[in-house]
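Reader: I have this one open and would like to go through it. Can we start with the terms?

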Amino acid sequence: MLSCIIFIFSLAYADTDCDKSKTLESFKSSKQIILNQVKQLSLVSSGVVNRGVSLNNIFGHNFKLEESDSYIQKLQKLNEREDGIAPENRTLSYCLKKLKLKSYQNELIKISKEFNNLKIQLFNKNKNLNDLFKKSLEVQADLPEFQKELQKESIESQKIKKELEQDLLKSEGQSLKEKDFVKKEIIAYKNALIRYNIELIEKKLDNIKALEEKINYLSLKSQNLSLLSKEPSEQKQLEESFRKIDNIWLEVTQEDLYKIFNKKFSFSLPVVPELPRLKESSRELESELLELAKKREEAIFQRQQALKELTNKEKQELKFLNELILNINSLRSEYFSKLETHYIIRKILASEYLKLLKNEIVSSPYRVISFFYSKFLYVNEKISRGREGISELVFDFFKLLFIIFLFFSLKLSLDKIYTYLDDKQNKAINYYRNVKSLKVFSSFWVRIKPNFTDIIWILLIQFLISNSYFRDITILLKVANVIFISRVIKHLVILFLGSVSKIDIKSFASFKKKAKLTSEHFSNIYLAYFLTMIFIEATVGKVYIYSIFNIIVVLFSIYRLMNAASEWEDEFKTYLERKFSGVITEKIDFLLKYMPVKVRAILIFVSIVLLSALDIFIKATENFEISKKISANLFKKQIENIEAEDGADKKIPQEYKNEFKYNSITNFNEYVVSDKKLEASILLEIHEWFEEKSDEHSVVIYGDKGIGKTTLLKHIISNLEIEETSKVQCIYSKMPSKTTNKESLEAYLLSLFGQVCQRDKFDIYEIDSKLDKKTVVVIDEAQNMFLSQTGGFEAYYSLINLINLNTEKIFWAMSFNKYSWLYLDRAFGRNQFFRNVYELSGWSDTKIKELILKRHQKSPYKLSYDLLINATRSQDEMDRYASIESKFFKLLWELSRGNPRAALSLWVSALSRKNRGSFNVNIPKELELSGIEKLPDDLMFVIAHVLKHENLLSVEIESTTNLPKGIVRNAIKVCLERKFLYRDERGRYMIDISSQYGLIRYLRLKNFIYGS
């Protein structure tokens, strides 16, 4: 694959002309460009933006904050895969490599990676500040352009003013020479218009000068803010930066509030002089007067244009101010949230805190006032333009009416959709009562239909908020969103209270009144809290007022929650006992005795919420192992007192117990397929060998004792014999304990093959050649052919050598105890000897249930779960029997760790006689392993060796552990007494199935055994 990539890469540059002089010239140019970019990025990173920097080149034209991680990953991949070289420089890099200019190529890689790393830092910084850094830079970048426009306009206005002043001097001289009174009046009016124009330009210049000063001020504050946006690493620096940002915020907001309240909305523009009233008139004078009227109209138009320009500049100034204040608010909030608690407490307790609060309260109206002020300027400018401006206002008004109409139409449409869906649902449920999916939908619809339109509005508002077209009404949309959510909360509270209360015809009216009152309390708390928070966040940010109000509302909400919970305490308690009863509720009841009344009610409420959430989680993930474990342990807690009495098993008939003895089954009607894929894989390996599609002729199965290895192997043999009766034969045998030398192994194998070979000589090739059919040799309990001592692996080595010989007619299948196999694997490895190795894992709870019920159904006895049902008191369950049965078998699965032999043993321990024809099902009896940690290491060492070999004689334990005989015998005695080990009819010691997993867990913890 790598060679292909290199080949394709080489083709891409195969035709590239790499002239040395041109390449070096290109390198110098590219180097200078990248170094300039690095310099610019360094400045930007420090919070300084100059005119030579394009933010679009850094962030891209379609930058989205939520995709910051994607941009960062692309740059990191560029550094890793392309040595940081940008696409436009890859041809240069290729030529430098081709011309063997390694030092130049390394320099190009170095500066390219430096540039990419700086961009990564900027993206990270901007992401951490929630896009504040980019917005601050944009303000800095826009301000110089606006300044440039103002300077250009100022120069042009100065030039026009100068020309007008010269025209006025000439006209004044002409007026002095003129003798005719009427003509003198006309010239005087012309001069008045010139003076008006000069005065208008002076007003514009004054406003431009004031605006330039303001822009310089804003630019300085914005730059200071950018410099402060570099998050300090130490808490003291953070506190100092926060103090500086707070001062900037206060200075900017207070100054601009003062300016808005003291501004003359007309901008003090001069009034256009009225036309002179002349008694005498002639044709010549009439034309003069018409010219004067035209000039007056031009002056009026210039005044309107001046007012429009000044209004636009004022709006632009307000835009910069608002953006700057928004950025300051965001940075204040960000830094305030990162300040340590002790600093905030110190600030609250300081004498200046009241002053800080006062400053926030005084400054809070700024954004609201500036919003209405900008709208006032807009309307004022339109009105001043006369008919044309008023027409535009009327158009805007109708546009606003259209938006209102659109929302109103949408409301009517949603109401119609709601009515249509409700009617369809009612008709469908009447016609198709027994359709399960329809019942589920109907149940869901009944719950959401009171808030159907509210939910649609919430989704729609979220979409509108993200659309820039509705930016001016974002706050209104947020307010509407809060109102709709509060209505949903109100309904959810009623639903919850209805679910925990027993409602009948008599109690419905009182419940409705009580529930409505409680739900309104919670809805109003949410409404008041979030509406206030929206206003505070939009005006002064999440700092002093916000934090105080937040604490007050949270405390008040807790107080209201406690009051509401105490009002519903009886209903909560009844529901808790009915739904989650048993030991869990008994422990909660015990805890409640020591709690105050208000706290007691809230504790019951929290218990209901947590247990309900856990119940939903378990139901949603019931097929996951972790969920089953949680469910099993909760069920165990509920029924921990329902245990069969000692000696109860004696009343269980022996013939019934015999059905649950764990012997490999011979009647495969009772066989349970625990893992279809595993069984199919093993059969596939054998079939591929049989059909000569594969040379592999061995397979190993390993697993815990009692996991079903023997039964699985016998079932595989049975399938082979049915499918290939005439073409294959199977030999099954258990390895004798302990077959540890070569001679005993060969004697064992000779006995397997019978008359095929000579009795006094073992030759695997001779055996292979004389076999009539292909033969599958199954050796069960193969762990019996080794002892972990000197010379104890001779038989194991010999069998491995035999298996790896190129025989044609023999397929070897062996089973090992899990911890024997793991020991051999760690000690000698397996991959060079066995290619096909399969682990048989624990069964699922459904397979354990199937195994037990198949055997139980052979008996005439019935099972009763009444004791468990009464213990859980689960009266609200639709199918109590099925639910309790399912929970019981999950518990059995958890206690047995999915081991079928352990599950069978635990099943019998859980039964007690109810009457002649039925058994009570109780909690299964586990072996008590308490105090195991106090037992000596020598004893645990003995257990570990028995587990590793599966079965040992006492002398074999002595030889493998190298422990003195007395210590070994004492260890065996203690283990037998505590039922850690048992002794079979051959005198061999094995781990008791009931204690197996507890011992394994402890031995693994103490590192006495391998594997997991």
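Author: Buried means under 20% relative accessible area, exposed means over 50%, and partly exposed is in between, with a 1.4 Å probe and protein chains only. At 0% relative accessibility, Cys975 therefore counts as buried.

Reader: Where do the numbers come from?

Author: This is a predicted model, in which local features need pLDDT of at least 70 and side-chain atom pairs count only at pLDDT 80 or more, while totals for chains, interfaces and linings use all residues. Residues are numbered from 1 along each chain as its sequence is written, and side-chain values use heavy atoms, with hydrogens and water left out.

Reader: How many helices and strands in the protein chain?

Author: The protein chain has 38 helices and ten strands. Both are DSSP runs numbered from the N terminus: helices are H or I with at least four residues, strands E with at least two.

Reader: And what share of the residues is buried?

Author: Of the 1012 residues in the protein chain, 45% count as buried.

Reader: Cysteines next. How many disulfides does the structure hold?

Author: There is one disulfide, a term for a pair of cysteine sulfur atoms within 2.5 Å. Cys18 and Cys95 form it, with their sulfur atoms 2.2 Å apart.

Reader: Left-handed or right-handed?

Author: The torsion about the S-S bond of Cys18 and Cys95 is about -70 degrees, so this disulfide is left-handed.

Reader: What does the pair tie together?

Author: Cys18 is in the loop between helix H1 (2–12) and helix H2 (20–45), and Cys95 is in helix H5 (residues 90–98), so the pair ties together parts 77 residues apart in sequence.

Reader: Is that pair buried or exposed?

Author: Cys18 counts as buried at 12% relative accessibility, and Cys95 is buried too, at 4%. Cys730 has 17%, so Cys730 also counts as buried.

Reader: Switching to helix packing. At what angle do H31 and H34 cross?

Author: The axes of H31 (residues 845–856) and H34 (residues 900–909) cross at roughly 55 degrees and come within 10 Å. Axes here are lines fitted to C-alpha atoms, for helices over the stretch in contact, and angles run from 0 to 180 degrees between N-to-C directions.

Reader: Which residues make the contact?

Author: From H31 they are Ile848, Leu851, Ile852 and Arg855, and from H34 Pro900, Ala903, Leu904 and Trp907. Contact means heavy atoms within 4.5 Å.
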